[in-house]
Amino acid sequence: MTKQLPKTDTSAVNVADYIVERLAAEGIDHCFGVAGDYVFPICDAVDSSAKVKWIGCANELNASYAADGYARIRGAAMLATTYGVGELSAINGVMGAKAERSLVFHVVGMPSYQHQRLHKIAHHTLGDGVFGNFVELSAGAACCHAVINPENCVVEMERIIAEARRNNQPAYIAVPSDYALSPVVSADVKPIVPRSNEAALQKAMAIIAERINKAKSIVAFPAFTISRLGLQKEAQKAIEALGCPFVTTLMEKCVIGESHPQFAGMYAGAVSEPKTRQIIEGADLVLDLGGVNLNDITTAAYSGQLDLSRFVTVGLDDVRIGDQVIANVRLEDILSELAKLKPSSAPYKGKPQGLAPVNGRPSDKITMAALYPRYAAFLRAGDTVVLETGSSSLGVTPTILPDGVRVEAQVLWGSIGWATPAAFGVALADPSRRTILITGEGSHQLTANDVGAMGRFGANVIVFVLNNSGYLIERALEENPDWTYNDLAPWNYAELPKALGCANWYTARVTTLGELDEAMKSARASKAGAYIEIMGGKMDMPPALAFAHGQLKAMYGDTP
Ligand SMILES: Cc1ncc(C[n+]2csc(CCOP(=O)(O)OP(=O)(O)O)c2C)c(N)n1
Ligand SMILES: [Mg+2]
């Protein structure tokens, strides 16, 4: 990553230009957002920047999801919204990025300092002359924040960037509109790059090495943060040097190729393969690389038996071994130290799991049993799959996928509608890969309007929308699947790209396997985007969801 401060002759540069240039130096070349008068100076600075392009989204929530998707690929993203009405609409997406450790710089244009000083009654306020009402709310969705003025701008930007990088979480930057147009007061600062304390690193490694030497069985547990920080190769090297098996939860789907000989399967508590479960639950030492998130989804309703006292947890910025915490140690440094180890015995070799065979006849209706193996056969190295919360993610994640496929999902935060704009952000972040969106139609209804932005900005996403007449995952998680609140307005999904202005997109609505196979071929061949509406059965669900459907009392407890 290039890290250069914008030219030090800051006297000629205004605050808005400085902020945009400084964020560009973090490897950002798109800014997602919705314009508004208080944020005009920031919008103008982006529009006139040679480095950063303005990406207007249909609303701020979409923009925040798109920025999250972009940040997952690029390491950081820029989001610009207007005061109050704009920033509050973005909070869900920014908070999701905080939960899932994705670095979004949220820049908000505030009313001018002059109007703030005079307590003017202004639009987008509560009419109380108070201008701090929303700063606290937006700041709560970030890990750090600053209200910028010309004097603090240079220093605060360095502090904010360093702190956001340290945590890999969003930062909130509020800029009064008159200050945004004032010249920056220069200050002599250098970028602060988070680094390990050398002594702490040596101490942590000594303890880890001792634990490794003593352990009869070791398993590596790479966390989702590995991909957020772009450390996939470093993690793979460390795991290869360790020679032990590795296991992932569904938050780390494909973080390392699933055909890797040391891959011992996906862990999901009691629904894991017995061998996978035994390897991780029975290990003497679990090397948690990055802070695995053991939530209700990843553990299949806390159904596993992981003994946390056997964990060594390498966080982004510390190492935890039982009650001992060694601070100021970076994950990337531990990975490179681990990569220097020499395995004491031959590396673990698991039984490689091949792709599931494609089944069904061309004239058959599309069933979930036939759909998920088809996704696996369709996907190839160089694809990035963005998975929506819902039955689709429960169908795709247990399916073995080809090496070189990258998967992004919002498993912990789980805000439906995320995946459509996130796929847009992912596609802009790396056009050299093909972005594939797999979503249910219910989730898609929340944010489908930004399929228009995909067309407008040439993001050639291949979109799969499963139309199963409502919220299937919710039907499956209830005794009565027919509550009307799980029904939806019956959109003609396949007609959306045309209505939303996507020129030359391939579109299809498919009901049989033969039609699906043809549509998949045409979508792959499309030079523009593609959109396939898949007609599924109202209660046809993938096995993981069917399992949950049969376990409702165990999952939620009996009716009192
Ligand atoms: C913002 C938000 N609102 C509501 C929910 C609750 N919720 C979780 S999944 C889901 C339905 C998903 O339906 P669909 O996208 O059609 O997928 P399906 O399971 O039918 O394949 C809902 C409403 C949520 N997770 N996030
Ligand atoms: Mg649905």
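User: Which residues does V465 touch in this model, not counting residues up to four places away in sequence?
Analyst: The model is a predicted one. V465 lies in strand 17, which covers residues 462-467. Leaving out residues up to four places away in sequence, V465 touches T439, G440, E441, H444, Y493, Y531, I532, E533 and I534.

User: Is V465 buried or exposed?
Analyst: Buried means under 20% relative accessible area. The relative accessibility of V465 is 0%, so V465 counts as buried.

User: What distance separates the C-alpha atoms of V465 and I534?
Analyst: I534 is among the residues that V465 touches. Along the chain, V465 and I534 are 69 residues apart. Their C-alpha atoms are separated by 6.0 Å.

User: Which residues are the protein donors of the magnesium ion (ligand 2)?
Analyst: One of them, E441, is also touched by V465. The donors lie 2.1 to 2.2 Å from the ion. Their spacing in sequence is E-x26-N-x1-G. The donors of the magnesium ion (ligand 2) are E441 (OE), N468 (OD1) and G470 (O).

User: Are N468 and G470 buried or exposed?
Analyst: The cut-off for buried is under 20% relative accessible area. N468 has 4%, so N468 is buried. G470 has 3%, so G470 is also buried.

User: Is helix 3 roughly parallel or roughly antiparallel to helix 4?
Analyst: Helix 3 spans residues 60-74 and helix 4 spans residues 85-99. They pack at an angle of about 30 degrees, with axes 7 Å apart. Angles under 35 degrees count as roughly parallel. Therefore helix 3 and helix 4 are roughly parallel.

User: How many nonpolar, polar and charged residues are in the contact of helix 3 with helix 4?
Analyst: Helix 3 brings E60, L61, S64, Y65 and D68. Helix 4 meets them with G86, S89, A90, N92, G93, V94 and A97. By class, the contact has 5 nonpolar, 5 polar and 2 charged residues.

User: What is the handedness of the crossing where helix 3 passes helix 16?
Analyst: Helix 16 covers residues 419-429. Helix 3 packs with helix 16 at about 40 degrees, with axes 7 Å apart. That angle makes helix 3 oblique to helix 16. The crossing is right-handed.

User: How do the residues in the contact of helix 3 with helix 16 divide into nonpolar, polar and charged?
Analyst: From helix 3 come N62, Y65, A66, G69, Y70, I73 and R74. From helix 16 come P421, A422, F424, G425, V426, L428 and A429. The contact divides into 10 nonpolar, 3 polar and 1 charged.

Notes:
Residues numbered from 1 in each chain as written. Chains lettered and ligands numbered in written order. Predicted model: local features only at pLDDT ≥ 70, side-chain atom pairs only at ≥ 80, totals over all residues. Heavy atoms only, no water. Helix = DSSP H or I, 4+ residues; strand = E, 2+ residues; numbered from the N terminus. Buried < 20%, exposed > 50% of the residue type's maximum accessible area, 1.4 Å probe, protein only. Contact = heavy atoms within 4.5 Å. Donors = N, O, S within 2.8 Å, 3.2 Å for Na, K, Ca; no water. Axes fitted to C-alpha atoms, helices over the stretch in contact; angles between N-to-C directions. Parallel < 35°, antiparallel > 145°, perpendicular 65-115°, else oblique. Nonpolar A, V, L, I, M, F, W, Y, C, P; charged D, E, K, R; others polar. Left-handed = near helix turned anticlockwise from the far one by under 90°.
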